[in-house]
Amino acid sequence: MLQDHSCKIKTEDGQGTSFEDNTSSQSKSEAVILFSRFPWVYLAGFLCLAITTSMGFWLMSITRADIPRPLSSSSPPPPSISSETSTVHRASSAIRLEGANIKNDTNGTSYLNTEDTTITQYAGYKLDWHDEFNIDGRPDNRIWGYEKGFVRNQELQFYTESAARVENGSLVITASRWRDESGNYKYQSASLKTAGKRTLRYGRVEVRARLKTLNGLWPAIWLVGGRGRWPSCGEIDMMEYYRHKIHANVATGTARQKKAKWDSASIRVGMLQRLTGLLDFDEDWHVWRMDWDSQWICLYVDGHVLNKIRVEAMENPVVGMPWQNGAPKNPFRASHFLILNLAIGGNNGGDPSNTPFPQRFEVDYVRVYKKVPSVKTPAGKSSPKPTSWPSSFPTQSPVIPTPAFTNHYLTVHPSMSSSPTSTASPTTSPQATFTPTTGSPSKSPTESQAAR
């Protein structure tokens, strides 16, 4: 249907003057002339638009490829691992084995679907002890004890039992702040430990947790040796966050009292988020894992290697000193206990004054696995138990993967050797102090070093 483009303009004498609007027809004619003279300009523009759109969709697809996608409850387990794994349903008393709703991490290891409520059983491991935090109220006192008061590192919080509670299937450690009569900020939080209740030596530890990466917060999942004083007793930091970085560390003693030797690695939260394909590090749950045997300690987050440490390189150079209080020669061939805490400020935590409170450190579960021992066959060869495992299961120590992040992104601080021939600078090892009255490690590392 054609449109009448004529219009009338009213003049001062009230008479209408008619004008013909030729703008539309002139524009169409000019466009036709330009296209006939320069068709390649239009074609090139259309081609660029098509290429740009295609690249945009391609980049979106590869960026989201590594984001863990939850499996539906009806989804069957992947065929490659369905015959090798089973699961234990969450329960405070009865344990029931059934088919798993599991997935593969980047290293080919099966792990729990983060939206599921089942426990993964790994080939070569058995579940030793665990806490699924299913019963609301106080944490299970058969597993957890508490640190109380001001403990270490000149931290600002006062540790109290009341700041830890189980709710909605998770352990919640709440850090709160208020002003005293003088107007000064006061903080309280909680630190839970398994000392005297549950210990571990070798095996696999998994902790699924969610934390906030804000100034002044210092959440941690770590282990301390049960024999001797710190640092000769040994320390393993599965996870620490402070000052916009995630840290994975191991510490042992030196020939000097209260001074530690460290093997530390750190990566900025923003870089870790981009490399793992996560949309929001603070809002996502993460699985922190440690694989530990007599030769290696490997620390992971969401299946990515953060740090790997050779156990024999972390021996105490001296033993039997009074200030070591009976620490073993190699603390990483002895039992450790687990600590979950949310510290505020202190030597490493930073300034929390501009951070809103309260803040939460949430733990969905803690699972500790032991390696299943091998048995000797009549031929003198060892084979794993049970016999339903695949015959190709390795009987030797597995090849330890290299960290998933290059040194450009992952700051790795090599262990400082006590040998005079070591090339490591002494400044790469943080200073440390210990307060014997607390019974817990206490350190004061410099700000630029990844240590606790």
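Is Arg138 buried, partly exposed or exposed, and what is its relative accessible area? Arg138 is partly exposed, with a relative accessible area of 46% (buried means under 20% relative accessible area, exposed over 50%, partly exposed in between, with a 1.4 Å probe and protein chains only). The model is a predicted one, in which local features need pLDDT of at least 70 and side-chain atom pairs count only at pLDDT 80 or more, while totals for chains, interfaces and linings use all residues. Residues are numbered from 1 along each chain as its sequence is written, and side-chain values use heavy atoms, with hydrogens and water left out.

The chain contains 5 helices and 27 strands (DSSP runs numbered from the N terminus, helices being H or I of at least four residues and strands E of at least two). Of its 452 residues, 45% are buried. Where residues at least 6 apart in sequence are in contact, 67% of the contacts join residues at least 24 apart (contact means heavy atoms within 4.5 Å). The accessible surface of the chain is about 23,500 Å², and carbon and sulfur atoms account for 54% of this area (Shrake-Rupley method, 1.4 Å probe; for residues, only the protein chains shown count as cover).

Salt bridges number 13 in total (a side-chain nitrogen of Lys or Arg within 4 Å of a carboxyl oxygen of Asp or Glu). One of them joins Arg138 to Glu161, with an N to O distance of 2.4 Å. Glu161 lies in the loop between strands S10 (157-159) and S11 (164-167), and Arg138, 23 residues apart from it, in the loop between strands S8 (125-131) and S9 (145-146). Glu161 is also partly exposed, at 24% relative accessibility.

A second salt bridge pairs Glu362 with Arg210 (3.1 Å, N to O). This pair links strand S24 (residues 359-371), which holds Glu362, to strand S15 (residues 203-210), which holds Arg210, across 152 residues. Glu362 is buried, its relative accessible area being 11%. Glu283 belongs to the loop between H4 and S20, and Lys212 to the loop between S15 and strand S16 (217-225), 71 residues apart. Both residues are partly exposed, Glu283 with a relative accessible area of 44% and Lys212 at 26%. Salt bridges with shared partners also join Glu167, Arg210, Arg360 and Glu362 into one network.

Asp282 is located in the loop between H4 and strand S20 (286-292). Asp282 is buried but forms no salt bridge, and the nearest side chain of opposite charge, that of Lys212, is 5.0 Å away (Lys and Arg count as positive, Asp and Glu as negative; His and the chain ends are not counted). Its side chain makes a polar contact of 2.5 Å with the side chain of Thr213 (a pair of N or O atoms within 3.5 Å; within protein, one must be able to donate a hydrogen and the other to accept it, and residues adjacent in sequence count only if both atoms are side-chain atoms). Leaving aside residues up to four places away in sequence, Asp282 touches Arg210, Leu211, Lys212 and Thr213.

In helix H4 (residues 269-276), the buried residues include Val269, Met271, Leu272 and Thr276. These residues lie on the same side of H4, because they cover an arc of only 160 degrees around the axis (taken from the directions from the helix axis to the C-beta atoms). Their cover includes strands S17 (235-242), S18 (245-253), S19 (260-268), S21 (296-301) and S22 (304-310). Gly277, which follows H4, has a positive phi near 80 degrees.
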